[in-house]
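Let's take a quick tour of this model, starting from the overall picture and working down to single residues. Have the structure open as you read.

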Amino acid sequence: LAPCPATREADLQAMLRCCSLALLALHGASALQVAKPAISTRRADGLRSNAILAASATDEGQASLPSSTANLVKSIVGSGVLSLPVGLAAFSSSRAALVPALALLSVAGTVSGYCFSMVARVCAATDSSSWGEAWSKSVGEKSSWVPPALIGLLTLSVSIQYTMVIGDSFSSIFSAWGLPALLASRTGAIAALTAFGTLPLSLLPSLSALSFTSALGVAGLLYTAAFMVLRMSSYGPGSALHAAVPPPLRPRFEGALAFSPKVFVLVSILASAFLCHFVAPNFYKELAPGAGAAPAKERKMRRFSLLTAGGFALSAALTAVVMAAGFLTFGGACDGFILNNYAPTDRLAQLARVAIGSQIVFTYPFIHVGLRDSAQALLASVFGKAPARVPTTFGIFALTTAIAISLTNLGLIAAVTGALVSTSIGYVLPSLMLGQTLARRVRAGGASRGDKLELLAARGITALGVALAGIGVWSCFV
């Protein structure tokens with residue numbers, strides 16, 4: 001028997017809820033700290049829980065602007081920024097390419113921040129407290145499957161990328177420690193860390209014991225950024241570190257700056273670097289409106305605009321440091337995982353690999369839980385019954401591990417995902433929601449001139465996102 005519409009909608013809502021949990025883990029478990037109050041919240045009228053964006057009947061929040069800004073930065077900046085240098089190297093080996101790359105980063109951060117604010121504005125305009133509710137009220141119920149489907153693809157891709165990073169990081173570490181060649185190989189490192197690290201952690205009945213990963217992730221990324229800046233002048237020709245790097249990964253600067261369609265590889269990776277849009281409703285809900293004579297909703301929206309501007313600006317600055325330091329050190333030789341470029345004998349690089357690799361091992365279970373639960377919800381909607389937790393976990397690990405072992409180009413995976421999925425989630429979906437909300441206002445005759453201009457801007461961003469998705473995927477393979 002086919003599932004009834006109510007059951008199918010419940011399954012879609014479950015998929016969206018579970019995928020949203022995984023998206024929070026995309027840039028580290030720190031984002032879960034923001035979501036914790038919402039995870040346990042339930043409405044009495046229908047027990048409609050949402051892991052990120054729990055419903056609330058009031059605009060009053062408790063989070064201060066500084067703490068919310070810090071949490072937003074932690075939610076945006078993750079280990080994915082370590083693939084940005086290869087996006088720059090994809091279209092040029094000239095140091096002059098850093099200038100347009102930084103300009104693109106600024107534009108991507110600005111557009112992503114604007115789209116982040118769009119989600120909260122739609123929630124405010126439609127009296128919604130979750131992404132799913134805002135989408136249904138602005139775009140329509142019939143397309144409610146789109147967000148969970150895209151997030152499902154994203155979490156699968158991130159699981160594969162994290163496994164690849166684990167292999168790249170720990171194979172170098174194990175080799176430097178003098179461990180047997182089988183274990184020190186990329187395949188051996190992935191198999192060992194999966195069997196004795198990520199798999200057992202993902203089978204834990206509760207992930208509360210892994211809450212320390214927030215501080216671990218932030219400290220690891222800050223150390224890595226500082227280390228990369230420190231090493232910018234240490235890998236020149238003739239140095240001991242230069243000689244210790246495999247020839248294909250040694251610094252290479254050549255040619256004049258010229259346009260190349262490969263620039264869209266960087267654009268696609270940048271779409272992933274600023275992706276945190278599914279947490280926007282929760283940040284809006286938790287933010288305190290502040291004091292003032294204006295209505296609480298109006299005060300809160302003004303503070304949310306400041307939160308968005310500050311959070312994305314700080315994130316862009318840290319992202320720019322990592323991208324610039326990696327590219328100015330290795331140029332056109334940048335690897336998809338920039339830490340692979342650093343010499344195995346570089347102790348500071350080894351510490352960075354340990355920091356990033358450990359962060360990923362301990363945050364991986366948060367991604368897996370979302371992917372596993374969304375897979376169970378999808379299978380339940382198709383077959384009427386969800387498989388058990390443990391068999392589903394083993395099946396997902398078998399799939400992601402096999403793919404991660406067979407693929408070696410992390411930058412390509414990040415670029416394709418950024419082009420096809422992250423661009424859609426970060427640009428297309430928010431602008432569609434705001435565009436539909438403003439279009440209704442225009443049809444009702446209550447739109448101002450500013451509303452009409454912003455409607456054009458929203459439609460333009462939607463078209464831009466679709467175009468970038470197509471061009472980005474094409475540029476990855478030309």
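## A word on "buried"

Buried here means a relative accessible area under 20%, while exposed means over 50%. With that in hand, take helix 3: Leu65, Ser68, Thr69, Asn71, Leu72, Val73, Ser75 and Ile76 are buried there. The helix itself runs over residues 65-76, so it has 12 residues. From first C-alpha to last, helix 3 reaches 16 Å, close to the 16 Å expected at 1.5 Å a residue.

## The overall picture

Keep in mind that this is a predicted model. The chain has 18 helices and 0 strands. Of its 478 residues, 57% are buried.

Looking at contacts with a separation of 6 or more, 81% are between residues 24 or more positions apart.

## Inside the core

The largest nonpolar core counts 118 residues, and Leu82, Phe116, Phe274, Phe304 and Tyr342 have the most contacts inside it. The biggest giver to this core is helix 7 (residues 146-176), with 13 residues.

Which residues does Tyr342 touch, once its neighbours within four places in sequence are left aside? The list is Phe227, Met228, Arg231, Tyr235, Val245, Thr329, Phe330, Ala349 and Arg353.

Is Leu378 buried or partly exposed? Its relative accessible area is 41%, so Leu378 is partly exposed. Together with Leu379, Val382 and Phe383, Leu378 forms a nonpolar patch on the surface, and the four have about 390 Å² of accessible area together.

Most residues other than glycine have a negative phi.

Where does Asp127 sit? You'll find it in the loop between helix 5 (98-126) and helix 6 (131-138). Asp127 is exposed, because its relative accessible area is 56% and the cut-off for exposed is over 50%.

Key
Residues are numbered from 1 along each chain as its sequence is written. This is a predicted model: local features need pLDDT of at least 70, side-chain atom pairs count only at pLDDT 80 or more; totals for chains, interfaces and linings use all residues. Side-chain values use heavy atoms; hydrogens and water are left out. Helices (H or I, at least four residues) and strands (E, at least two) are DSSP runs, numbered from the N terminus. Buried means under 20% relative accessible area, exposed over 50%, partly exposed in between (1.4 Å probe, protein chains only). Contact means heavy atoms within 4.5 Å. The expected span of a helix is 1.5 Å times one less than its number of residues. A nonpolar core is a set of buried Ala, Val, Leu, Ile, Met, Phe, Trp, Tyr and Cys residues joined through side-chain atoms within 4.5 Å. Patches are made of residues with over 30% relative accessible area and no salt bridge: like charges are joined within 9 Å, nonpolar side chains (Val, Leu, Ile, Met, Phe, Trp, Tyr) within 5 Å. Accessible areas come from the Shrake-Rupley method with a 1.4 Å probe; for residues, only the protein chains shown count as cover. A salt bridge is a side-chain nitrogen of Lys or Arg within 4 Å of a carboxyl oxygen of Asp or Glu.
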